[in-house]
Amino acid sequence: MATGGAAATAVQPWRALLAAALESNAHLNHSSYFQLATISVNGRPANRTVVFRGFQEGSDNILINTDRRTKKVEEINHYPYGEICWYFTESWEQFRINGRIDIIDCSTRDLAKLQQREKSWFASSLNSRLQSLRPFPRLPVLEEPSEDYQLDPSTGPVDSFCLLVFEPEQVDYVNLKGNVRFLFTSSHSSDQPANVWQFEKVNP
């Protein structure tokens with residue numbers, strides 16, 4: 001079993017593979033979409049497609065924008081763990097990323113987290129931001145909603161906008177073209193300021 005670098009700024013082996021997959025599949029619009037699975041309050045699995053919004057600065061954490069009124073936010077509040085499944089159709093690579101999810105919304109008190117939420121809000125397109133103004137998700141449609149939503153581009157995050165910060169703890173990587181598979185696992189150490197990643201090659 002090999003060990004990856006521990007420094008927060010070091011590029012971990014799994015992230016280097018992910019960066020290469022993103023680059024080689026960049027011409028495909030769907031390469032920035034992945035599935036995020038959580039556990040619902042009744043113990044059943046829940047899954048949906050979300051958009052990759054980049055990495056949190058100075059870390060390997062994955063950023064996801066969402067609406068705080070959605071079921072997934074309720075599920076994460078109940079059980080703050082999930083798994084990403086990300087398949088790249090051009091290079092035949094799959095990343096299953098297991099980890100803990102932090103919710104940053106309008107009720108968050110940490111100033112640095114609120115600044116990250118604001119940064120993610122303004123990094124999104126105006127059309128994406130307008131999604132946060134739509135009616136409450138999953139409620140019955142009593143009348144057809146107006147599509148004429150207006151939002152000042154300079155306006156900060158609305159209350160329904162929520163940022164999810166996914167902290168990877170385990171990565172299962174498979175390359176079907178090369179018929180190779182690696183398992184990456186992070187561990188915390190009292191004498192290390194950042195996660196230490198270990199990895200091993202296993203049978204596909």
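Predicted model: local features only at pLDDT ≥ 70, side-chain atom pairs only at ≥ 80, totals over all residues.
Local features need pLDDT of at least 70, side-chain atom pairs count only at pLDDT 80 or more, and totals for chains, interfaces and linings use all residues. Numbering runs from 1 along each chain as its sequence is written, and side-chain values use heavy atoms, with hydrogens and water left out.

Select β5 (81–88) and β6 (93–104). Strands here are DSSP E runs of at least two residues, and helices are H or I runs of at least four, numbered from the N terminus. β5 and β6 run antiparallel, joined by 8 bridges; strands pair if DSSP finds at least two bridges between them. Gly 82 stands opposite Gly 99 in β6. Their hairpin has 4 residues between the strands, and there Trp 92 takes a positive phi near 60 degrees.

β6 and β7 pair in the antiparallel sense over 12 bridges. Glu 93 stands opposite Asn 175 in β7.

**Cores.** A nonpolar core is a set of buried Ala, Val, Leu, Ile, Met, Phe, Trp, Tyr and Cys residues joined through side-chain atoms within 4.5 Å; buried means under 20% relative accessible area (1.4 Å probe, protein chains only). The largest nonpolar core has 26 residues, and Trp 86 and Phe 95 have the most contacts inside it. β7 gives the most to this core, with 5 residues.

Centre on Trp 86. Leaving aside neighbours within four places in sequence, Trp 86 is in contact with residues including Leu 18, Tyr 33, Phe 52 and Phe 95. Contact means heavy atoms within 4.5 Å.

Last stop: a second, separate core of 6 residues includes Trp 121, Leu 130, Tyr 149 and Leu 151.

Definitions and conventions: Buried < 20%, exposed > 50% of the residue type's maximum accessible area, 1.4 Å probe, protein only.
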